[in-house]
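My entries follow the order of the search.

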Amino acid sequence: MSPASELPILLYHLGSPLSKRIIWYLALRGIPYIQCMQPRILPRPDLARLGINYRRIPILSIGRDVYLDTRLILQKLEHLHPSKPRLAALATPEHRAIEHLLEVLAIDSGLFKSVVQLMPAHLPQLQDPAFLRDRADLLEGMMVFTPEALTAARPNAINEVKNVVEFLETTLLADGRDWVLGTHGPSIADIEAVWLLHWISAVPGALPPDQISGVLYPRVFSWIERFQRTVSSAEKLISAPQTVDGEQAMEIIVTSLFNETEGLVDENDPVVKQQGLEKGQFVQLWPTDSGSRHKDNGKLVSMDNKEVVIETAAGDAVVRVHAPRHGFQVCAFEDGEK
Ligand SMILES: N[C@@H](CCC(=O)N[C@@H](CS)C(=O)NCC(=O)O)C(=O)O
């Protein structure tokens, strides 16, 4: 990747808990960015303009490269602004392993689903049929998202979340350290571990105080507060992001240089081999855990064991859309040229 620190960084988001993973990271590293606010439910014409069907947010662009999924976005941001301390810079292999396992715990282990199931059924947005329809589309195959289903799932979800809070209290935070890896400031591992608990502890009525509270788990709850205080102080040191509309955002992206040089399709990749995929052919790309009905079509630019890149049409221009291999599926798309 080129050290293209001067390219515009643009975040499409709505301030949701997953977006905060990125907003916090940018604040903690003092990286300025532009934002394009997105509606809470579909349609999202600002993304359609970029030739993107992927429905989840956040999405981040660096120059003319667009990155899907916060896990990939965080990795890419670590390469920017090498003069500023990285959030994983001092990590030993053991630290990197813990950081990765905390990411897996939050996103792949079912914890995300349990936290969603703690949303109190009486929340105003859960009475809105349009919101419920939209989230049913997003969460199809993962969970049923209705007030009744949330109420039924709640006892088990409380237990799942409580076990994770207890795990952090009695392991990584047990010795009274400020940050999970014992670093001087928050690292990516803190972001991975904190974001779900930060979110759900701020939703009134979500956590039952007799099961999950600062009294029962003081180290975890003071770490969540410490994290928020540290991010708030960091946010004061960078200028507030400039907000642009979808048209301006697209203009910024398509008139930028690419952040990365064009890669290759790894002929030894098992999926490439199985499907005989070649650079330049049309493929379809979609996330496998949620929002899977929203598939992107584009020309295959590169593919290796970690990342797949396709080219989509943004009006008369093209952008490169990057997705992680983990949690995404790629297949040949014969109809692509029609
Ligand atoms: N694994 C993805 C998950 C993204 C995701 O699930 N985003 C949700 C939660 S904020 C979302 O976009 N919800 C709103 C929507 O799709 O409209 C990531 O890390 O970016």
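**Ground rules.** I am working with a predicted model, where local features need pLDDT of at least 70, side-chain atom pairs count only at pLDDT 80 or more, and totals for chains, interfaces and linings use all residues. Residues are numbered from 1 along each chain as its sequence is written, and side-chain values use heavy atoms, with hydrogens and water left out.

**Entry: H1 and H9.** I took helices as DSSP runs (H or I, at least four residues), numbered from the N terminus. I looked up helix H1 (residues 17-29) and helix H9 (residues 218-237), whose axes come within 8 Å and cross at roughly 60 degrees. The axes are lines fitted to C-alpha atoms over the stretch in contact, and angles run from 0 to 180 degrees between N-to-C directions. H1 is therefore oblique to H9; under 35 degrees would count as roughly parallel, over 145 as roughly antiparallel, 65 to 115 as roughly perpendicular, and the rest is oblique.

I then listed the contact (heavy atoms within 4.5 Å). H1 supplies Ile23, Trp24, Ala27 and Leu28, and H9 supplies Phe227, Thr230, Val231, Ala234 and Glu235.

**Entry: H7 and H9.** I found H7 (147-170) packed against H9 at an angle of about 90 degrees, with the axes 8 Å apart. H7 and H9 are therefore roughly perpendicular to each other. On the H7 side I noted Val165, Leu168 and Glu169, which meet Pro218, Arg219, Val220, Phe221 and Trp223 in H9.

**Entry: ring pairs.** I searched the whole structure and got 6 aromatic pairs. Rings of Phe, Tyr and Trp (its six-membered ring) pair if their centres lie within 6.5 Å; planes under 30 degrees apart are stacked, over 60 edge-to-face, and the rest tilted.

How far apart are the ring centres of tryptophan 24 and phenylalanine 227? They are 4.9 Å apart with the planes at 75 degrees, so the pair is edge-to-face. The pair links helix H1 to helix H9, 203 residues apart.

Is tryptophan 24 buried or exposed? Tryptophan 24 is buried at a relative accessible area of 4%, and phenylalanine 227 is buried at 0%. Buried means under 20% relative accessible area, exposed over 50%, and partly exposed in between (1.4 Å probe, protein chains only).

I also looked up tryptophan 179 with phenylalanine 227: centres 6.4 Å apart and planes at 75 degrees, so this pair is edge-to-face. Tryptophan 179 lies in the loop between helix H7 and helix H8 (188-201), and is buried at 4% relative accessibility.

Conventions: Helices (H or I, at least four residues) and strands (E, at least two) are DSSP runs, numbered from the N terminus.
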